[in-house]
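Visitor: I am new to this structure and would like to learn how to read it. May we begin with contacts between charged side chains and then turn to the fold and the interior?

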Amino acid sequence: MIDEEKIKDMVLGFLLTQDCNFSCKHCLNQCPYNEELPYEKFTEIIDIFGAYDLKRVSFSGGEPILHPDFKEIVAYAVKNKLELIVHSNAYLYEKYDFLLQYAPDFFKTMVFSLEGLEKNHDKNRREGSYKKVMEAIDFFKSKEVTVKINLVITPKNHLEVEELLSTLAKKIVDAIHL
């Protein structure tokens, strides 16, 4: 039996696609297959949880914008009055600008991954990706969207955490998950 009171505070997370514009060495999505959650399955799951007054959904991947039905998935979530949280590597942040039509009522949060200062981040992710994260932070903050950063501390970036936190504080990110 599902406790309806507990589900009201739940964020239902969807790994929409394994498709990504990066090929990070550490990524768990490097599987021998590339699967996507079909639009029909997404709507079916939303309809099930809708009976429990679900409030928020989270989209991740791969890179969610690469799902062929991403805009339709977002529209269905909004139709069901669900708050949107999107996790991205930020490299394609400009493609997410269509989400602004749903702000501030439904599109509220972008979450970007960061793996250190420029040299370490780009080495682990992709050349130029650190600058894209910084641009994406500025872009979404200027549109009054909440911006959160996921930062994993590793043997390669642990010495730069203090400087990185200072950099992010100047950009006034809303949260940093370590």
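Predicted model: local features only at pLDDT ≥ 70, side-chain atom pairs only at ≥ 80, totals over all residues.

Visitor: Where do K41 and E44 lie relative to one another in helix 2?

Guide: Both belong to helix 2, residues 39–50, and because they are three residues apart there, about one helical turn separates them. K41 is partly exposed, with a relative accessible area of 41%, and E44 is also partly exposed, at 40%.

Visitor: How many salt bridges does the count give?

Guide: The general idea is to look for a side-chain nitrogen of Lys or Arg within 4 Å of a carboxyl oxygen of Asp or Glu. By this rule there are seven salt bridges. One of them joins D53 and K55, with the closest N and O atoms 2.9 Å apart. D53 has a relative accessibility of 33% and counts as partly exposed; K55, at 37%, is likewise partly exposed.

Visitor: Which parts of the chain does the pair of K171 and D138 tie together?

Guide: The side chains of K171 and D138 meet in a salt bridge of 2.8 Å, taken from N to O. K171 lies in the loop between helix 6 (161–170) and strand 6 (175–177), whereas D138 is in helix 5 (residues 129–142), so the pair ties together parts 33 residues apart in sequence. D138 is partly exposed, at 39% relative accessibility.

Visitor: Is R125 buried or exposed?

Guide: The general idea is that a residue counts as buried under 20% relative accessible area. R125 has 18% and therefore counts as buried. R125 is placed in the loop between helix 4 (118–124) and helix 5, and a polar contact of 2.7 Å joins its side chain to that of E115.

Visitor: What share of the residues is buried, and which residues have the most contacts inside the largest nonpolar core?

Guide: Of the 178 residues in the protein chain, 44% are buried. The largest nonpolar core has 45 residues, and V57, F59 and F112 have the most contacts inside it. As for the surface, the accessible area of the chain comes to about 9900 Å², of which 52% belongs to carbon and sulfur atoms.

Visitor: How many aromatic pairs does the count give, and why is the pair of F42 and Y76 edge-to-face?

Guide: There are twelve aromatic pairs by the rule applied here. Planes over 60 degrees apart count as edge-to-face. The rings of F42 and Y76 have their planes at 75 degrees and their centres 6.4 Å apart, so this pair is edge-to-face. It links distant parts of the chain, with F42 in helix 2 and Y76 in helix 3 (residues 70–79), 34 residues apart. Both F42 and Y76 are buried. F59 and F70 form another edge-to-face pair, 5.8 Å centre to centre with 80 degrees between the planes. Here F59 belongs to strand 2 (residues 56–61) and F70 to helix 3, eleven residues apart. F59 is buried at 0% relative accessible area, and F70 at 2%.

Visitor: Which residues form one aromatic cluster?

Guide: The cluster consists of F14, Y39, F42, F59, F70, Y76, Y96 and F98.

Technical notes:
Residues numbered from 1 in each chain as written. Heavy atoms only, no water. Helix = DSSP H or I, 4+ residues; strand = E, 2+ residues; numbered from the N terminus. Buried < 20%, exposed > 50% of the residue type's maximum accessible area, 1.4 Å probe, protein only. Polar contact = N/O pair within 3.5 Å; in protein donor to acceptor, adjacent residues only side chain to side chain. Areas by Shrake-Rupley, 256 points an atom, 1.4 Å probe, with all protein chains shown as cover. Core = buried A, V, L, I, M, F, W, Y, C linked by side-chain atoms within 4.5 Å. Phe/Tyr/Trp six-rings, centres within 6.5 Å; stacked < 30°, edge-to-face > 60°.
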